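Trainee: I have the sequence and the 3D view open. May we go through the strands and helices by question and answer?

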Amino acid sequence: MRIIILGPPGAGKGTQAKVVADSLGIAHIASGDLLRDHQERGTKLGSMARSYMQQGLLVPDDVIIGMIEERLHSSDAQRGYVLDGFPRTLEQARALDKTMEKEGQRIDLAVNIRVSEKELIRRLGGRLVCRRCQRPYHEVSSPPRKRGVCDECGGELYQREDDTSEAVRRRIQVYAKQTAPLIQYYYERGGLVEIDGEGSIDEVRDSLLKTMPKAGV
Ligand code: AMP
């Protein structure tokens, strides 16, 4: 099972991708998490990606494509995966198709999570993320039980460098210009479903899981 989750920054891709991956027993591959992990480990790729990420810009296609292809070949991805945050440009989508074609595979389903711009700005403005398990919180609408501490794993909560208001605005613009065209790309090639991402986490999860049989998954 190979699934792509599309949607603007703040749509809840990470949260929902994790739910789907856990419920199908497949890998959750998040390009942003992989890049942040490179930064924490101080790799060359991580330091190269940092300035793009801080500004809310996309990391160059060749860097991302190489990183994801390596990840797709790891053993835990062989049963299938949910891709979260990749592809983000047409060039990345075409590169992914080409690699999969070579290996006799295909993407089974692309899910687009729709959320209005006003709601994205509200969500990202108050977002806190666990440094250890990546679980997201919101200062107002879903705060942790204990300030600054993850309910799930006790890890430290922090605000991402690219969740500042200027970077958020830039990320939304970049999404509209470079990533939104992927909706049409996957629509034309079949296997695209769209869901409303403005409900609660559980409501969005239910509509997402309902799309699986529709897509023959
Ligand atoms: P995310 O955690 O998915 O919101 O990604 C955070 C940042 O990582 C993005 O704003 C980009 O700077 C970078 N990034 C993540 N995925 C990609 C991608 N597929 N292509 C280019 N840049 C990416």
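Trainee: Which residue in β4 stands opposite I5?

Mentor: Keep in mind that this is a predicted model. Strand β1 (residues 2-6) and strand β4 (residues 109-114) pair in the parallel sense over four bridges. Within this pairing, the residue of β4 that stands opposite I5 is V111.

Trainee: And which residue in β3 stands opposite I3?

Mentor: β1 is also joined to strand β3 (residues 81-84), by four bridges, and the two run parallel. In β3, the residue opposite I3 is V82.

Trainee: Are the two faces of β1 covered or open?

Mentor: In a regular strand the side chains alternate between the two faces of the sheet. In β1, R2, I4 and L6 lie on one side and I3 and I5 on the other. Five of the five residues of β1 are buried, so by the cut-off of under 20% relative accessible area both faces are covered.

Trainee: Which strands stand at the edges of the sheet?

Mentor: Strands of a sheet pair through backbone hydrogen bonds, either parallel or antiparallel. Here the sheet is open and has five strands in the order β2-β3-β1-β4-β8, with parallel pairing. Each edge strand has a single partner, so one side of it is left without a neighbour in the sheet. The edge strands are β2 (27-30) and β8 (192-196).

Trainee: What angle does the direction of α2 make with that of β2?

Mentor: The twist of the sheet averages 20° from one strand to the next. Helix α2 packs on this sheet and touches β2 and β3. Its direction makes an angle with that of β2 of about 70°.

Trainee: Is α2 parallel or oblique to α3?

Mentor: Two packed helices are described by the angle between their axes and the distance between the axes. Helix α2 (residues 31-41) and helix α3 (residues 44-55) have axes 8 Å apart and pack at an angle of about 120°. Because of that angle, α2 is classed relative to α3 as oblique.

Trainee: How many charged residues does the contact of α2 with α3 have?

Mentor: The crossing of the two helices is left-handed. From α2 come G32, L35, R36, H38 and Q39, which meet L45, G46, A49, R50 and M53 in α3. By class, four residues of the contact of α2 with α3 are nonpolar and four are polar, and the number of charged ones is two.

Notes: Residues numbered from 1 in each chain as written. Predicted model: local features only at pLDDT ≥ 70, side-chain atom pairs only at ≥ 80, totals over all residues. Heavy atoms only, no water. Buried < 20%, exposed > 50% of the residue type's maximum accessible area, 1.4 Å probe, protein only. Pairing = 2+ DSSP bridges. Axes fitted to C-alpha atoms, helices over the stretch in contact; angles between N-to-C directions. Parallel < 35°, antiparallel > 145°, perpendicular 65-115°, else oblique. Left-handed = near helix turned anticlockwise from the far one by under 90°. Contact = heavy atoms within 4.5 Å. Nonpolar A, V, L, I, M, F, W, Y, C, P; charged D, E, K, R; others polar.
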